[in-house]
Every structure is written in structure tokens, then in C-alpha cells.
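Here is a short briefing to read alongside the model. Have the viewer open and follow along.

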Amino acid sequence: MNKLLRTCVRYIRLYARFVKFSVISQMEYRINFVTAFLVETAYLLIKLLYASVPYRTGTDINGWSPDAVLLYIGVFTIMSGLYSGLFYSNFTGLPAKIRTGSLDMLMTQPVSLQFIVTLRQFNLGYTIPNVVGGGIMAAIGWHRLQLPFTWEAIGGFALLLAVGVLTAYSVFLLPQMLGFWTIRTNGVTELSNSLFDTNSVPMSVYSKLIQRIGIFVLPVFVISNFPPMFVLGMMNGSLLLWAVLVPLWLLLIVRLLWQFALRGYTSASQ
């Protein structure tokens, strides 16, 4: 147990250094940071236009009131910022590392290769506008819905946000791992982006079959739907149990596939 705790502390400290070095690098080339910040701010304004549509029409969307939709879009915006800032650059850069052989150098490091490859970069410019803007939208929607602001509600909401982050990590890393067997994965990246964007609206707008697939088969709907559904009282016991199990089995699949891919990996220099 002590060894496991020391390992966890070690990796937490290592990740903190990754974040620190990433921020320093972005501040060195500030035009890139400003550009990313402005682009994400523009996307944020577009999401605000989405949120304004239910208010203009004054109608519910399959049981979601305008205030509930605002809460949902706030959560989706938060998750977009976290996914873009924490994972996107790392995931899309994996095939290039495999193709060019730069993965070979990382394999010599005395830490988990999966950890260093998938979490090394952190993009602050993508994260700040979305997390701050999404948090404000979610808070306004929460307040207008007069939902209880209790420790239980906040804790469940935060836990399901964490579930969404872990689910996004697993679901969108898996396609990029095709880079171990194929030369280019540009099409896979476009498909992954489209899958993530299915979360731009509540899953209730899709058919029951699509909802089941998006929850239990390819659980992309878990990412943004579960946190607002929890505070709105839409989560039953089975969905709560599934929310706990989803990141566990996905992370296990990712880990097993990663190890399998490395066993068949040969250096690009060979």
C-alpha cells in the first residue's frame, strides 16, 4: 500500500511538472496562446447562440427546459475545454510519434510510456475560456432552475464530471492507437471530433437506440449528459452504477490494448 501511495504521489508531481513546463512554453510563444484563447472564445460565443435558441422559442426540447439546456451546454463547454486542454494535442500527436520514431526516445524514460505520451502537454489557451465560460453558464442554469445547492448535489456533479473526463480519455485515445498499425489517422481524428460533437445537445434528442449505443456500447453520452442529469434528478440507480463502472472498464481496455500494441511495435528506424 505504501509503495502504491508513493507511486501515485510521484506521478502527481510529475504531472504537475508537465503542466508547469507546458504553461511556461505557451507564455514563451504568447501569440500561440492568444490565438488559441481567441479561437476558443469564438467557439464559446457560438455555444451561447445554441443556448439562446430555446429561450427565443420558449419551448422544451424533449423534456429539457431552456434553463436545463443552458445547464447542459455549460457542462458540455466545460468538458470541451478539459478535453481540448488535457488530451487533444497528446492524442493527435501519438501517430506522428510512432511514424517518426520519437516514441523510441520516450520509451527510455523511467516512467509509464502511456502516461508520458498521453498527458505530457497541457494547453491553457483551450482550457480557460471553456471552463470559465461553461462554469458560468452551468451556474446560471442551476440557479434559474432553483436546484438545491447542497454538498450532495455538488459532490455528485463533480464526481460525474470526473467520470466524463476519464471516459473522454479512454474513448478518444482508442482511435488514435490505430497509429501503431496504420500510417495516417487523419480520418480517425475527424471521426473522433464528430463523435465528441454529438454531445453538443442533450442525448434525449436522439432515438432510444442511439441513446443506448451512446451510453452502453460507445459511451460518448456519458461525458456530458450524466452531470446535468444527476442534478436534474434524471439518474436512476442503474445509471449511477454504470457511471461508476464505465471509466473502470474503459481504462482497463485502453491499458490492455496499449500493452498489446507495444508488443508489436518496431522502431521507425528499423
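Buried means under 20% relative accessible area, exposed over 50% and partly exposed in between, with a 1.4 Å probe and protein chains only. This is a predicted model, where local features need pLDDT of at least 70, side-chain atom pairs count only at pLDDT 80 or more, and totals for chains, interfaces and linings use all residues. Residues are numbered from 1 along each chain as its sequence is written, and side-chain values use heavy atoms, with hydrogens and water left out.

**Helix H1**
- Helices are DSSP runs of H or I with at least four residues, numbered from the N terminus.
- H1 covers residues 2-28 and spans 39 Å from first to last C-alpha, close to the 39 Å expected at 1.5 Å a residue (1.5 Å times one less than the number of residues).
- Tyr11, Phe18, Ser22 and Gln26 of H1 are buried.
- The cover over the buried residues of H1 includes helices H2 (30-57), H5 (113-119) and H6 (124-144).

**Around Asp67**
- Asp67 sits in helix H3 (residues 66-100) and, at 14% relative accessibility, counts as buried.
- Beyond its neighbours within four places in sequence, Asp67 is in contact (heavy atoms within 4.5 Å) with Tyr55, Gly141, Arg144 and Leu145.

**H9 against H10**
- Helices H9 (residues 208-217) and H10 (residues 221-231) pack at about 100°, with axes 8 Å apart; axes are lines fitted to C-alpha atoms over the stretch in contact, and angles run from 0 to 180 degrees between N-to-C directions.
- H9 and H10 are therefore roughly perpendicular (65 to 115 degrees).
- H9 contributes Ile210, Gln211, Gly214 and Ile215 to the contact, and H10 contributes Phe221, Val222 and Phe226.

Methods
Helix = DSSP H or I, 4+ residues; strand = E, 2+ residues; numbered from the N terminus. Parallel < 35°, antiparallel > 145°, perpendicular 65-115°, else oblique.
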